[in-house]
Amino acid sequence: MLIDPIFIIASALAIAVLLASAATNKLRAPTRFARQLADYQLLPDPWVRFSARLIPAMELSIAFALLLPITRGWAALSAASLITLYAAAIGINLWRGRRDIDCGCAGPDQVQPLRPVLLLRNSALVVLALVAGMTPLARELTVFDGFVVLLASAVALLVYAAADGLLANSPLLLKLIGR
């Protein structure tokens, strides 16, 4: 299926920014990220430290590759796979009843416990990543198209940030209103 290149480029840019931001957060607080990774109890202890170094490098590599048309296809599949892997880790721990651990989603400054709604959020991100890998409709892009791409990416990122902030703070908000 052919899709307008505006959707593909905007999706690629939004996912690239999210992955680069996630990698930056992990690199800013590597010890904390290694502890979060260990809390999931999915990797043997010797692999946690190596994985804590590998994951941000993968996120940065995929983010950069999403920006280049020649590598965008495999990068989009890689991003979708990585986000699916994160969702699987969350799902396994939810299934185990381990809702008290920090998902590691909100960066080093904010704790976000595991909840089923994170699986929905990751599903939306997988769809966005897959859109980034679709075949574009062949057409000339104009300066106006570039402007639309930037605005669409910014809107997607703002919606994500607002939703993520709401998800991270919803336990506090519910406590404030007495629920």
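How much space lies in the largest pocket? In this predicted model, the space amounts to about 1,000 Å³.

**View 1. The largest pocket and the residues closest to its centre.** The lining of this pocket counts 44 residues. Closest to the centre are Ala 22, Lys 26, Glu 59, Tyr 86 and Gly 104. By class, the lining has 31 nonpolar, 8 polar and 5 charged residues. At least two lining residues come from each of helix 1 (5–28), helix 2 (30–39), helix 3 (45–66), helix 4 (72–95), helix 5 (117–132) and helix 6 (143–176).

**View 2. The second largest pocket, with a volume of about 190 Å³.** Its lining consists of Ala 14, Leu 18, Arg 121, Ala 124, Leu 125, Leu 128, Ala 156, Val 159, Tyr 160, Ala 163 and Leu 167. Two or more of these residues are given by each of helix 1, helix 5 and helix 6. Helix 6 has the largest share, 5 residues. In the lining of the second largest pocket, 10 residues are nonpolar, none is polar and 1 is charged.

**View 3. The crossing of helix 1 and helix 5.** The axes of the two helices come within 7 Å and cross at roughly 130 degrees. Helix 1 is therefore oblique to helix 5. The crossing is left-handed. On the side of helix 1, the contact is made by Phe 7, Ile 8, Ser 11, Ala 12, Ala 14, Ile 15 and Leu 18. Helix 5 takes part through Leu 125, Leu 128, Ala 129, Val 131 and Ala 132. The residues of this contact divide into 11 nonpolar, 1 polar and no charged.

Methods:
Residues numbered from 1 in each chain as written. Predicted model: local features only at pLDDT ≥ 70, side-chain atom pairs only at ≥ 80, totals over all residues. Heavy atoms only, no water. 1 Å grid on protein atoms, 1.4 Å probe; cavity = no way out; pocket = protein on both sides within 12 Å on 5 of 7 lines; lining within 4 Å. Points joined across faces, edges and corners; volume = space filled by probe spheres on them. Helix = DSSP H or I, 4+ residues; strand = E, 2+ residues; numbered from the N terminus. Nonpolar A, V, L, I, M, F, W, Y, C, P; charged D, E, K, R; others polar. Axes fitted to C-alpha atoms, helices over the stretch in contact; angles between N-to-C directions. Parallel < 35°, antiparallel > 145°, perpendicular 65-115°, else oblique. Left-handed = near helix turned anticlockwise from the far one by under 90°. Contact = heavy atoms within 4.5 Å.
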